[in-house]
Amino acid sequence: MKMKEILIVEDNPMNMELILDLLEFYGHRVTEAEDGIKALERLAEKKFDIILLDMQLPKMDGLEVLDRIKKNPATADIPVIAVTAHAMKGSEEHFIEMGCVDYISKPIDIHRFRSLIDKYLGE
């Protein structure tokens with residue numbers, strides 16, 4: 001199995017550490033970005049297999065980051081999974097309509113998390 005490149009965009013250090021630890025445990029290479037501006041910088045530096053995007057970010061919210069990812073031909077095909085603590089009824093559908101392939105709600109259910117990661121990485 002080829003090691004996959006994953007970008008995590010998350011401003012909460014505890015959530016970042018949990019997601020990072022899980023993904024590294026699964027055998028993936030992880031790049032971190034703590035806000036939307038840094039995420040776009042990381043995307044300009046290298047190609048990722050998947051992006052985990054927190055929707056509530058400082059400086060630039062997740063939907064604006066998602067919009068920029070999807071409008072850029074170099075990044076438009078990368079699957080983006082929304083990560084949110086505010087999963088109210090209908091918000092999941094909104095993230096999908098905006099261009100995410102799926103969503104993960106916080107607190108993270110590690111079993112669902114693993115199956116989603118495997119699903120979108122074709123594992």
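Predicted model: local features only at pLDDT ≥ 70, side-chain atom pairs only at ≥ 80, totals over all residues.

Colleague: Is Lys-59 buried or exposed, and what is its phi?

Modeller: The cut-off for exposed is over 50% relative accessible area. Lys-59 has 67%, so the residue is exposed. Although Lys-59 is not a glycine, its phi is positive, at about 75°.

Colleague: Which residues does a cis peptide bond join?

Modeller: The proline concerned, Pro-107, has its place in the loop between β5 (102-105) and α5. Omega is about 0° for the cis bond, which joins Lys-106 and Pro-107.

Colleague: How is α1 oriented relative to α5?

Modeller: Helix α1 (residues 13-25) packs with helix α5 (residues 110-121) at an angle of about 55°, and their axes are 11 Å apart. Angles of 65 to 115 degrees count as roughly perpendicular and those under 35 degrees as roughly parallel. The two helices, α1 and α5, are therefore oblique.

Colleague: Which residues of α1 and α5 meet, and how do they divide by class?

Modeller: From α1 come Ile-19, Leu-22 and Leu-23, and from α5 come Ile-110, Phe-113 and Ile-117. By class, the contact of α1 with α5 has no charged and no polar residues, and six nonpolar.

Colleague: What is the handedness of the crossing of α1 and α5?

Modeller: The helices concerned pack with their axes 11 Å apart. As α1 passes α5, the crossing is right-handed.

Colleague: How is α2 oriented relative to α3?

Modeller: Helix α2 (residues 36-45) and helix α3 (residues 62-71) have axes 9 Å apart, at an angle of about 20°. Angles under 35 degrees count as roughly parallel. The orientation of α2 to α3 is therefore roughly parallel.

Colleague: Which residues make the contact of α2 and α3, and how do they divide by class?

Modeller: The crossing of these two helices, α2 and α3, is right-handed. On the α2 side the contact is made by Gly-36, Ala-39, Leu-40 and Leu-43, and on the α3 side by Val-65, Arg-68 and Ile-69. By class, the residues of this contact are one charged, one polar and five nonpolar.

Colleague: How many aromatic pairs are there, and what is the geometry of Phe-25 and Tyr-26?

Modeller: Rings pair if their centres lie within 6.5 Å, and the count comes to two aromatic pairs. In the pair of Phe-25 and Tyr-26 the centres are 6.3 Å apart and the planes are at 65°, a geometry that is edge-to-face.

Colleague: Which of these two residues is buried, and which is exposed?

Modeller: Buried means under 20% relative accessible area, and exposed over 50%. Tyr-26, at 8%, therefore counts as buried. At 69%, the residue that counts as exposed is Phe-25.

Colleague: How are the rings of Tyr-26 and Phe-113 arranged?

Modeller: Tyr-26 is in the loop between α1 and β2 (29-33) and Phe-113 in helix α5, 87 residues apart, and the pair links these distant parts of the chain. Phe-113 counts as buried, at 1% relative accessibility. With centres 6.3 Å apart and planes at 40°, the pair of Tyr-26 and Phe-113 is therefore tilted.

Colleague: Which residues form the aromatic cluster?

Modeller: Phe-25 and Tyr-26 form an edge-to-face pair. One aromatic cluster is formed by Phe-25, Tyr-26 and Phe-113.

Conventions
Residues numbered from 1 in each chain as written. Heavy atoms only, no water. Axes fitted to C-alpha atoms, helices over the stretch in contact; angles between N-to-C directions. Helix = DSSP H or I, 4+ residues; strand = E, 2+ residues; numbered from the N terminus. Parallel < 35°, antiparallel > 145°, perpendicular 65-115°, else oblique. Left-handed = near helix turned anticlockwise from the far one by under 90°. Contact = heavy atoms within 4.5 Å. Nonpolar A, V, L, I, M, F, W, Y, C, P; charged D, E, K, R; others polar. Phe/Tyr/Trp six-rings, centres within 6.5 Å; stacked < 30°, edge-to-face > 60°. Buried < 20%, exposed > 50% of the residue type's maximum accessible area, 1.4 Å probe, protein only.
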